[in-house]
Amino acid sequence: PLDDANNPWRGLDPYSPGEHELFFGRDAALEELRARIENNRFVAVVGASGSGKSSLIRGGLLSLLEADAWAVVESGRLAGDPVARLHEAQQRLAASPAGQQRLLVIDQFEDLFTECDEATRRTVVSGLDALVGAEGGPTVLIALRSDHERAAVGEFGDRWAAVRYLLPDVNRDGLRSMVLGPARAKAVFFE
């Protein structure tokens with residue numbers, strides 16, 4: 001029966017790495033993001049609220065990277081004490097085996113602009129710059145709602161254009177796959 005335990009669709013909740021078998025419809029975006037992560041030290045996924053940024057990262061990309069033996073650490077939301085969260089995430093990344101590719105993920109990066117004062121924002125941005133610039137440092141991936149992009153440009157300046165990945169709209173085939181793929185994975189059939 002189709003109940004909460006067997007529901008293959010997440011609605012507006014993001015997919016998690018453990019639900020990658022239910023993540024469909026974003027193949028091209030997933031491959032493009034993966035290529036960017038493999039070739040850049042800092043990437044920002046930008047899109048409207050509810051557009052699937054978190055699902056693309058958590059339900060798609062992280063599973064692929066973990067299968068390729070990347071060390072992945074999610075910082076958690078930056079509300080509260082973002083400096084402490086980033087420090088703790090750095091410590092977890094530092095514990096990964098030498099030579100292993102490492103990724104720091106910061107979802108809902110807009111919290112930095114809505115929840116933090118200017119001094120905290122500058123400390124976090126400086127810390128991220130230092131991480132990305134350090135030899136052997138991790139790759140940093142952030143997800144940002146597009147309505148806060150102006151604030152990000154204000155903090156990152158000219159560097160923003162090079163790191164920005166605008167999540168494309170889902171096309172008709174992708175939308176169909178988003179509906180039918182999870183249904184097939186959970187053995188739900190439509191007539």
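Okay, let's start in the middle. The largest nonpolar core has 25 residues, and the ones with the most contacts inside it are Leu104, Ile106, Phe109, Leu112, Leu128, Ile142 and Trp160. By nonpolar core I mean a set of buried Ala, Val, Leu, Ile, Met, Phe, Trp, Tyr and Cys residues joined through side-chain atoms within 4.5 Å. Buried is under 20% relative accessible area and exposed is over 50%, with partly exposed in between, using a 1.4 Å probe and protein chains only.

Quick caveats: this is a predicted model, where local features need pLDDT of at least 70 and side-chain atom pairs count only at pLDDT 80 or more, while totals for chains, interfaces and linings use all residues. Residues are numbered from 1 along each chain as its sequence is written, and side-chain values use heavy atoms, with hydrogens and water left out.

E1, helix H3 (82–94), E3, H4, H5, E4, H6 and H7 each put in at least two residues, and H5 gives the most, with four. Those labels are DSSP runs numbered from the N terminus: helices are H or I with at least four residues, strands are E with at least two. Take isoleucine 142: leaving aside residues up to four places away in sequence, it touches Phe42, Val43, Ala44, Val45, Ile106, Phe109 and Trp160, contact being heavy atoms within 4.5 Å. Apart from this core lies another, of 22 residues, including Ala29, Leu30, Ala143 and Leu167.

Now the sheet. It's open, with five strands in the order E2-E3-E4-E1-E5 and parallel pairing; two strands pair if DSSP finds at least two bridges between them. The edges are strand E2 (71–74) and E5, each pairing on one side only. E1 and E4 run parallel, joined by six bridges, and glycine 47 stands opposite arginine 145 in E4. H6 packs on the sheet, touching E1, E4 and E5, with its direction at about 145° to that of E4. Axes there are lines fitted to C-alpha atoms, for helices over the stretch in contact, and angles run from 0 to 180 degrees between N-to-C directions.

So which residues of H6 are buried? In this helix, residues 149–156, they are Glu149, Ala152, Glu155 and Phe156. Down the axis of H6 they fall within an arc of 115°, so they line one face; the arc is taken over directions from the helix axis to the C-beta atoms. The face turned away from that buried side carries exposed Arg150 and Gly154. Just after H6, glycine 157 takes a positive phi of about 60°.
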